[in-house]
Amino acid sequence: MKLATIRNSSRDGRLVVVSRDLTKYVSVENIALTLQSALDNWEQVKHQLEEVYQALNNGNIEHSVTFEQTECCSPLPRAFQWADGSAYVNHVELVRRARGAEMPETFWHDPLMYQGGSDAFIGPRENIPLGSESWGIDFEGEVAVITGDVPMGASPQKAAEEIKLLMLVNDVSLRGLIPGELAKGFGFFQSKPSSVFSPVAVTPDELGEHWRESKVHLPLLSTYNDKPFGHPNAGVDMTFDFGELVAHAAKSRPLGAGAIIGSGTVSNKQGTDYGTSIDEGGVGYSCIAEIRMIETIRDGKPSTSFMKFGDTIKIEMLDEQGESIFGAIDQQVISYNAE
């Protein structure tokens with residue numbers, strides 16, 4: 001099943017069911033007004049939504065509407081919880097080395113996770129407004145899950161059973177602000193502006209055999225300024241699966257329905273110490289920070305700059321037939337001038 005939120009006059013938009021090929025949709029106000037409302041009553045409404053989805057795919061709904069991704073908000077325009085993990089430890093090691101920080105051995109056994117801002121997500125086709133290029137603007141391509149109610153202390157197996165939907169993420173990062181914030185010993189805040197999620201959220205069964213072991217076994221495609229930048233496989237080198245990430249988030253508190261848990265930047269070692277760029281025949285990267293670290297290791301200094309105003313980033317995942325599963329995050333970084 002594929003779900004999206006169409007922009008309207010309310011903050012939380014309007015829930016719609018989208019066809020498998022992302023060409024049409026139908027509103028479901030009679031079932032749930034918003035995605036959060038659906039998640040709050042998931043066991044009661046899931047089968048009704050699935051019936052609509054099948055009818056839509058079979059051409060049995062007369063009044064469907066053409067689906068335009070530009071009309072979408074984030075599937076959850078705001079959420080009660082957005083916590084981002086760092087399941088690809090190769091990425092963690094690279095980025096820490098870029099800051100001159102060693103990586104503790106415990107990072108291979110105990111996932112990192114930060115609590116992000118969830119009150120104002122940026123839409124998947126909206127510009128990314130930021131105050132200065134000197135902040136070190138970077139994109140981070142990720143996968144995320146939306147959960148149902150997860151009890152405190154849930155096991156990874158129980159946590160995995162509460163994964164209701166999957167999305168893609170651009171976890172925008174400001175690399176120039178991170179070192180100063182972390183030096184305070186209190187975590188990210190200004191260095192992690194509003195995140196971005198794919199136009200469509202899908203149930204795990206939509207991925208078929210590509211959803212197994214609580215991982216998505218498909219390449220995540222990043223296109224930076226219209227040039228392929230990365231296509232690492234999200235199921236490879238993922239040290240902590242989504243069941244483990246959700247359980248980690250719920251260790252000392254329950255998670256409410258609609259909690260979003262991110263994977264962290266998708267990163268593959270590709271048979272080398274740290275990976276290889278697409279230009280060099282590898283699968284590339286899902287953020288600029290990684291290629292800058294490779295350049296530092298190889299050349300003594302980075303040569304790839306962080307994002308500038310006017311730069312674009314597109315993040316997408318395709319099925320075996322080359323069709324988009326989640327729709328595309330497709331954005332431009334622009335200058336923001338506070339009044």
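## Packing of helix H2

In this predicted model, the buried residues of H2 pack against strands S1 (2-6), S2 (14-18), S3 (24-27) and S10 (163-170) and against helix H1 (35-40); contact denotes heavy atoms within 4.5 Å, and buried denotes under 20% relative accessible area, exposed over 50%, with a 1.4 Å probe and protein chains only. Helices (H or I, at least four residues) and strands (E, at least two) are DSSP runs numbered from the N terminus.

The buried set comprises Trp-42, Val-45, Leu-49, Val-52, Tyr-53, Ala-55 and Leu-56. These residues lie on the same side of H2 because they cover an arc of only 165 degrees around the axis, taken from the directions from the helix axis to the C-beta atoms. The face turned away from the buried side carries the exposed residues Glu-43, His-47 and Glu-51. After H2 comes Gly-59, with a positive phi near 75 degrees.

## Aromatic pairs

The whole structure contains 8 aromatic pairs, defined by ring centres within 6.5 Å for Phe, Tyr and Trp (its six-membered ring), with planes under 30 degrees apart stacked, over 60 edge-to-face and the rest tilted. Trp-82 and Phe-197 are edge-to-face, at 5.2 Å centre to centre and 85 degrees between the planes. This pair links strand S5 (residues 82-85) to strand S12 (residues 196-197), its members being 115 residues apart. Both Trp-82 and Phe-197 are buried, and together with Phe-121 they form one aromatic cluster.

## Basis of the values

Residues are numbered from 1 along each chain as its sequence is written, and side-chain values use heavy atoms, without hydrogens and water. Local features need pLDDT of at least 70 and side-chain atom pairs 80 or more, whereas totals for chains, interfaces and linings use all residues.
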